[in-house]
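User: I am new to this one and would like to go through it step by step. Could you help me read it?

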Amino acid sequence: MSHLSNVKYSSGDWRNNNTDAVAVGIYDDLNLSRQLQGVNRELGRGISNALSANLIKGKIGEVQIVIGKKGTVAFVFGLGKQAELSPETLRKGAGGVSKLCITKKINSVSFLVPKDAKESYMSQAIVEGLVLGSYQFNEYKTVDKDLFELKKAVIIGGNKKAIVKGLNIAEGVCLARDLENRPGNIATPEHLADNAKSIGRSGDMKVTILEREKFTQMGMGALAGVASGTEVPPKFIIMEYMMGPKSQKPKILVGKGLTFDSGGISIKPASKMDEMKYDMCGAGVVLGVMKTVSKLKPKMNIIGIIPSTENMSGDKAYRPGDILTAYNGKTIEVLNTDAEGRLILADALSYASKHYNPEFILDFATLTGAVVVALGHVATGIMGTNEILIDKIKSSSNITGEKVWEFPLWDEYLDQVKSNIADVKNLGAPGQAGSIAGGAFLHSFVKKDIPWCHFDIAGSAWGNKNLPYQNKGLATGEMIRLVIDLLKI
Ligand code: BES
Ligand code: MN
Ligand code: ZN
C-alpha cells in the first residue's frame with residue numbers, strides 16, 4: 001500500500017530541486033577526485049573523510065550518510081568496480097538509498113545518475129530500485145505511529161522515457177506485492193477479480209469473470225474439484241488486451257491464484273501454513289504485468305488467465321482417489337489433494353490452448369516445495385517445450401537480474417505422471433524430481449506445438465533474499481520485470 005510514486009526527471013543542477021538529500025554513487029577502484037565532478041565543492045570533503053574513516057569503501061550494497069559543507073545530507077552508495085557497472089548494481093544502490101531515506105525520515109531525494117550510466121536501461125534500473133526499495137506493507141498497522149514514507153525522488157541526468165517505463169514496471173510489481181502480502185481472508189478470488197476489473201477499466205482490456213456454476217458447466221472439472229471444499233466463491237479470470245494488429249498472435253500469461261492452500265483433505269502440517277496465503281503469487285505476476293501493460297499501452301495482444309480458489313477440507317471437499325475431468329477432456333486421478341495447483345492450471349492451460357492461437361503460453365505458479373529444495377530462494381525453476389522461447393527467457397533473466405534455472409522435461413518424466421486408471425495422476429514418482437513432475441503434469445494440458453514455459457516460483461515469490469529492493473520475509477514480485485522485458489514492451 002505504500003511506496004514512492006512521485007518520481008521526476010531533471011537534467012539541471014541537483015541543488016535546484018528542493019529535495020532534502022542527494023544520493024551519489026562511488027566506485028571502489030577509482031580515485032575519488034576522478035569521479036565526483038558535479039558534487040565536488042559541497043560533498044567532496046565529507047565523502048573523502050568517510051572513505052578514510054572506512055565508513056564506506058564503494059562496494060556494491062553499501063550506503064552511508066555524509067554531511068556536506070552547507071549541511072547537505074548526502075547518501076553515498078557503492079558502485080563496485082567501474083568496469084563492471086551493471087543495472088543490478090544501480091538497482092541495489094537505489095534500493096539501499098530508499099530504505100535509508102525511510103529509516104532516517106528523509107522526505108525527498110535527488111539521485112545523481114553516474115556518468116557511466118547513460119544507457120536507458122540504467123535509468124530504468126534506478127527507478128526500479130528507488131520505488132521497489134521504498135515498498136512497505138503497513139496496511140494493517142493501526143497502533144504504530146512511527147510509520148514513514150519516502151515521498152519524492154528526482155533523478156538527475158537520466159533518460160526520461162526509461163524513467164517513466166521503470167516507474168510503471170515498479171508500480172506493477174508493487175501492486176502484485178500488495179495483493180500477495182494480503183492474507184487469505186482479504187485477498188480472496190473475488191479480490192483478485194476486482195483488481196483485474198479495475199486494471200481492465202483503465203487499460204483497454206476486456207475482463208471476463210467466470211463464476212463457479214459457469215466454469216463447472218463449461219467442463220472445468222479440475223478447478224471445480226479443487227474449489228468444492230470452499231464456500232468462498234472461486235473465479236476464473238480472463239483479461240484480454242488486444243491493442244495489437246488482428247493478425248498478431250496473442251501472448252498468454254497464466255497464473256495460479258490459490259488464495260489459501262491448506263492442502264485440503266491431504267492437509268499440510270501447521271508449521272508455516274500461514275505462508276500459503278502466498279499461493280496466489282502466480283496470479284500476482286499476471287496482474288502485475290497487466291497493470292504495467294495498462295499504463296504503457298503497447299501495440300500488442302496480451303492475455304492474462306487466472307484460475308482462482310482456496311483449497312480447503314471438509315465434507316464437500318474433493319478426496320484423494322477422486323477422478324476429475326479437465327477442460328480438454330483428459331481425466332486426472334487425484335492422489336494428493338495438496339497437489340492442487342497443477343489441477344487448476346490444467347483447466348487454465350486447456351482453456352488458453354483451445355480458445356486462442358497464441359505465440360506462446362507462460363504459466364507462473366508457486367507449485368512445489370521441491371523447487372525450494374533444488375534452488376533455494378535464489379532462482380525460479382523453469383521448464384518447457386520450446387528451446388527458442390526458453391533461450392529468450394534466459395536472456396531476459398540475464399538482463400533483469402531475476403534468476404531462472406531450467407529443468408529438463410524428458411519423456412521419462414512425462415511417463416511418471418501417467419495413471420493406471422485415468423489419463424494422468426497429480427503426483428510423480430514418490431520423493432523424486434517433484435518440480436519436474438509438476439511441469440510434466442501441466443504438459444498434458446498445453447496443445448502440442450504451442451511454445452510453452454512453466455515458471456515454478458515457489459522459492460522466489462517471497463522470502464528473504466536480502467536485496468535492498470526487496471523486503472525481508474515479504475512478497476518479492478519477481479518475474480514481472482522479466483516478463484515485461486520478454487514481451488519487449
Ligand atoms: N502451494 C504448494 C507448494 C509450496 C509448498 C509452495 C511450500 C511454497 C512452499 C503446492 O500446492 C503443494 O502443496 N505442493 C505439494 C505437491 C506434492 C503434494 C506433490 C508439495 O510441494 O509438497
Ligand atoms: Mn498444495
Ligand atoms: Zn498450492
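This is a predicted model: local features need pLDDT of at least 70, side-chain atom pairs count only at pLDDT 80 or more; totals for chains, interfaces and linings use all residues.

User: Which residues hold the zinc ion (ligand 3), and what arrangement do the donor atoms make?

Analyst: The zinc ion (ligand 3) is coordinated by Lys256 (NZ), Asp261 (OD), Asp279 (OD) and Glu340 (OE), at 2.0 to 2.4 Å. Along the chain these donors follow the spacing K-x4-D-x17-D-x60-E. Around the zinc ion (ligand 3) there are 6 donor atoms, and because their angles run from 78 to 176 degrees, the arrangement is octahedral.

User: What arrangement surrounds the manganese ion (ligand 2)?

Analyst: Its protein donors are Asp261 (OD), Asp338 (O), Asp338 (OD) and Glu340 (OE), lying 2.1 to 2.2 Å from the manganese ion (ligand 2). Their spacing along the chain is D-x76-D-x1-E. The 6 donor atoms around the manganese ion (ligand 2) subtend angles of 71 to 169 degrees, so the arrangement is irregular.

User: Which aspartate coordinates both metals, and how far apart are the two ions?

Analyst: Let's take the residue, then the distance. Aspartate 261 coordinates both the zinc ion (ligand 3) and the manganese ion (ligand 2). The separation of these two ions is 3.1 Å.

User: Where in the chain do aspartate 261 and glutamate 340 sit, and how many residues separate them?

Analyst: Aspartate 261 belongs to strand β10 (residues 257-261). Glutamate 340 is in the loop between β13 (331-333) and α9 (341-355). The pair links distant parts of the chain, and the two are 79 residues apart.

User: Is glutamate 340 buried or exposed?

Analyst: The cut-off for buried is under 20% relative accessible area. Aspartate 261 is at 3% and therefore counts as buried, whereas aspartate 338, at 22%, counts as partly exposed. With a relative accessible area of 1%, glutamate 340 is buried.

User: How much of the area of ligand 1 does the protein bury?

Analyst: Ligand 1 is surrounded by 16 residues, the closest being Lys268, Asp279, Asp338, Glu340 and Gly369. A side-chain N or O atom of aspartate 279 is 2.8 Å from a nitrogen atom of ligand 1, and one of glutamate 340 is 2.8 Å from an oxygen atom of ligand 1. For glycine 369, a backbone N or O atom lies 2.7 Å from an oxygen atom of ligand 1. Alone, ligand 1 exposes 510 Å², and the share buried by the protein is 77%.

User: Which strands pair with β6, and in what sense?

Analyst: In strand β6 (residues 152-156), 4 of the 5 residues are buried, so the rest of the structure largely encloses it. Strand β1 (residues 7-10) is joined to β6 by 4 bridges, with tyrosine 9 opposite isoleucine 155. Strand β5 (residues 108-112) pairs with β6 over 5 bridges, and serine 108 has lysine 152 as its bridge partner.

User: What is the phi of asparagine 54, and what is that of lysine 297?

Analyst: Most residues other than glycine have a negative phi. Asparagine 54 lies in the loop between α1 (40-52) and β3 (63-67) and is exposed at 52% relative accessibility. Lysine 297 is in the loop between α8 (281-296) and β11 (301-311) and is partly exposed at 38%. Both values are positive: asparagine 54 has a phi near 65 degrees, and lysine 297 one of about 45 degrees.

Notes:
Residues are numbered from 1 along each chain as its sequence is written. Chains are lettered from A and ligands numbered from 1 in the order in which they are written. Side-chain values use heavy atoms; hydrogens and water are left out. Donors are N, O and S atoms within 2.8 Å of the metal (3.2 Å for Na, K and Ca); water is not among the atoms, so sites may look incomplete. Four donors count as tetrahedral if all angles lie between 85 and 135 degrees; four count as square planar and six as octahedral if opposite donors are over 155 degrees apart and all others between 65 and 115; anything else is irregular. Buried means under 20% relative accessible area, exposed over 50%, partly exposed in between (1.4 Å probe, protein chains only). A residue is near a molecule or strand if one of its heavy atoms lies within 4 Å of it. A polar contact is a pair of N or O atoms within 3.5 Å; within protein, one must be able to donate a hydrogen and the other to accept it, and residues adjacent in sequence count only if both atoms are side-chain atoms. Accessible areas come from the Shrake-Rupley method with a 1.4 Å probe; for residues, only the protein chains shown count as cover. Two strands pair if DSSP finds at least two bridges between them.
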